[in-house]
Amino acid sequence: MSKTIAIIGGGVSGALVVLNILKQSHQAIHILWFDAKNSFCKGLAYSTDEDVHLLNVRASKMSVFVDEPNHFMDWLTQQQLPFSSNDFVPRTIYGQYVLSTFNELKESSSTVKITCIAEEVTAITKSGDEYVVSATKENQVQQVVLAFGNFLPAHPRSIHTDFQQSGRYFQNAFSSFIIKQVINQESVLIVGSGLTMIDVVLSLKKHNYAGKITAISPHGYLPQSHIENPLPVVAAYINEQSPYTLLQLFSLVNQQLKYAKSNQLSAHSVIDALRPHLQRLWLGFSLEDKQQFLRHLRHKWGVARHRAASQSIQVVNELLNTKQLELIRGRVYDIKTNITGFEVQYSDRRQNNSLNTSVLINCTGPESNFEKVEFPLIKQLLQANSIRVDALKYGIEASVNGKIATNFYTIGPPLKGILWESTAVPEIRVQAQQLALLLIL
Ligand SMILES: Cc1cc2nc3c(=O)[nH]c(=O)nc-3n(C[C@H](O)[C@H](O)[C@H](O)COP(=O)(O)OP(=O)(O)OC[C@H]3O[C@@H](n4cnc5c(N)ncnc54)[C@H](O)[C@@H]3O)c2cc1C
């Protein structure tokens, strides 16, 4: 008898589960695949149609399948797209790749049937051994995968809150309306200075925005650039079996950074060498170590780990040099709305300051605390105790393999608190392969 699996979320996490089921299953399965934004195979990251929005991972590492590492490169070659394995491909092309792989596998599968439903799921309830997934109608399924990805960022802290309703404030930096509404405005303030800020700046530049752009963040860090001709890398320095405390790891990494510096080796490689071990290292930390890391090292780690393509950083540096873009270190504490936009108060370590801006774009990163997320499904699942936030309030409580309860799973960003490194394709594809195997058992 055929079983029905509901996958909630059409982004890359949901897509990679679907692709792996298509590839691995020889039994009759019906997948009900829901996406509120009709963004199947693309989701938030790969729906952009701006060719200046590049992947921040080299093409060689972006295959959708763990066991076919050249799959993306082969697809690029088939499409006669002139990218090499070291290139940072536009994200819009990556979205086409996932979609085309899905279409191809779907057509060739005689056992797996997929129904894409462009609707928001508002509730999931248990019914005996099964689940009822509610969108515009109720659907009885045997298994559920929550692949709902990232949520909108929290609003910047402010004594006044009326800015949240202003048409000049954008909580969603990926909104397709931003450029049209911003292009003739005198000035833009971007709250946050990470990779999302870079995306916004690249779009503004591409559309010949002539006004002033300011980016503000508490530490004033900018993402680093991937290096085009990398220096020699450090030798592997993590013992694959040992657990480490945060302090042990911190001093080991610092030693390696010093060693790399004095021997003309790549400092980036010191960080990259940790990547394959990150989930294991994170799982080995005590709760206190994890909390210490989040409190004191998260921002530094973010800058070291999340790098951008050098051509993107080059554009940012040009704009900084011409002073069209300014980066300020400061913490926003109040936003007053006025006729021309906003008066923003912020403090740096020494004093309070203010600036005026016509437009405010929130690039502070997704809200990870599910207790603060306003979506009906999340509220319903929390209220019904079907999901619980993890101890760090960084995602959902689940096993390492994404299991929340019997036949009830999650994948990708909701596992950040459990696995830490759980948002990029190199990690999600491993989870997707393992989860697909569990689902088709
Ligand atoms: C701008 C950006 C650039 C990135 N670049 C890279 C990169 O270069 N390389 C890399 O490896 N990783 C990159 N990442 C990280 C990673 O690929 C993404 O985080 C990944 O897209 C996560 O996919 P997801 O499917 O979990 O979430 P999302 O892409 O957020 O998709 C979730 C989907 O679920 C839907 N949804 C949510 N709730 C419901 C509901 N109740 N009912 C129905 N549908 C619902 C949403 O509409 C959405 O389409 C990037 C991320 C971002 C944001």
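**Close-up views of a predicted model**

**View 1. F250 in helix α7.** F250 is partly exposed, because 16 other C-beta atoms lie within 10 Å of its own, a count that falls between the limit of 20 or more for a buried residue and that of 12 or fewer for an exposed one. The residue belongs to helix α7, which covers residues 246-262. Across a separation of 47 residues in sequence, F250 and L297 are placed 9.6 Å apart in space, C-alpha to C-alpha. As in every view that follows, the coordinates shown are those of a predicted model.

View 2. V17 has its place in helix α1, and it counts as buried because it has 28 C-beta neighbours inside 10 Å. When neighbours within four places in sequence are left aside, V17 is in contact with I7, V145, A147, I411, A432, L435 and A436. V17 and L99, which are 82 residues apart in sequence, have their C-alpha atoms 13 Å apart in space.

**View 3. The shell of residues around the ligand.** There are 32 residues around the ligand, of which G9, G11, S13, G43 and G149 come nearest. Sorted by class, this shell has 16 nonpolar, twelve polar and four charged residues. Helices α1 (12-24), α2 (43-46) and α14 (425-439) each supply at least two residues of the shell.

View 4. Strand β4 (residues 123-127) and β5 run antiparallel and are joined by five bridges, with Y131 in β5 as the bridge partner of K126. The two strands form a hairpin with two residues between them, and G128 in the turn has a positive phi of about 65 degrees. β5 is also joined to strand β6 (residues 138-141), again in the antiparallel sense, by four bridges, and here S134 stands opposite E138 in β6. The hairpin that joins β5 to β6 passes through three residues. In a regular strand the side chains alternate between the two faces of the sheet. For strand β5 (residues 130-134), Y131 and V133 make up the covered face, whereas E130, V132 and S134 make up the uncovered one.

**View 5. The antiparallel sheet of β12, β13 and β14.** Three strands, in the order β12-β13-β14, form an open sheet whose pairing is antiparallel. β12 (331-337) and β14 (352-357) stand at the edges and have a single partner strand each, so one side of each is left without a neighbour in the sheet. On average, and with direction ignored, neighbouring strands of this sheet are turned by 25 degrees against each other. The antiparallel pairing of β12 with strand β13 (residues 342-347) extends over six bridges, and T337 stands opposite F342 in β13.

**View 6. The parallel sheet of five strands.** An open sheet with parallel pairing has its five strands in the order β8-β15-β9-β10-β11. Its edges are taken by β8 (169-170) and β11 (325-329), each of which has a single partner strand, so one side of each is left without a neighbour in the sheet. Strand β10 (residues 212-217) and β11 run parallel and are joined by five bridges, and R329 in β11 is the bridge partner of S217.

**View 7. The crossing of helices α6 and α11.** The axes of helix α6 (residues 195-206) and helix α11 (residues 310-321) come within 10 Å and cross at roughly 70 degrees. Angles of 65 to 115 degrees count as roughly perpendicular, and α6 and α11 are therefore roughly perpendicular to each other. At this contact, I198, V201, L202 and K205 in α6 meet S312, V315, V316 and L319 in α11. By class, the contact has six nonpolar, one polar and one charged residues.

View 8. N38 lies in the loop between β2 (29-34) and α2, and its phi is near 50 degrees, a positive value in a residue other than glycine. N38 counts as exposed because it has 12 C-beta neighbours inside 10 Å, and a residue with 12 or fewer is placed in that class. N385, in the loop between α12 (376-383) and β16 (403-405), is likewise a residue other than glycine with a positive phi, here near 65 degrees. With 7 C-beta neighbours inside 10 Å, N385 also counts as exposed.

Terms used. Residues numbered from 1 in each chain as written. Predicted model: local features only at pLDDT ≥ 70, side-chain atom pairs only at ≥ 80, totals over all residues. Pairing = 2+ DSSP bridges. Axes fitted to C-alpha atoms, helices over the stretch in contact; angles between N-to-C directions. Near = placed C-beta within 6 Å. Nonpolar A, V, L, I, M, F, W, Y, C, P; charged D, E, K, R; others polar. Contact = placed C-beta atoms within 7 Å. Parallel < 35°, antiparallel > 145°, perpendicular 65-115°, else oblique.
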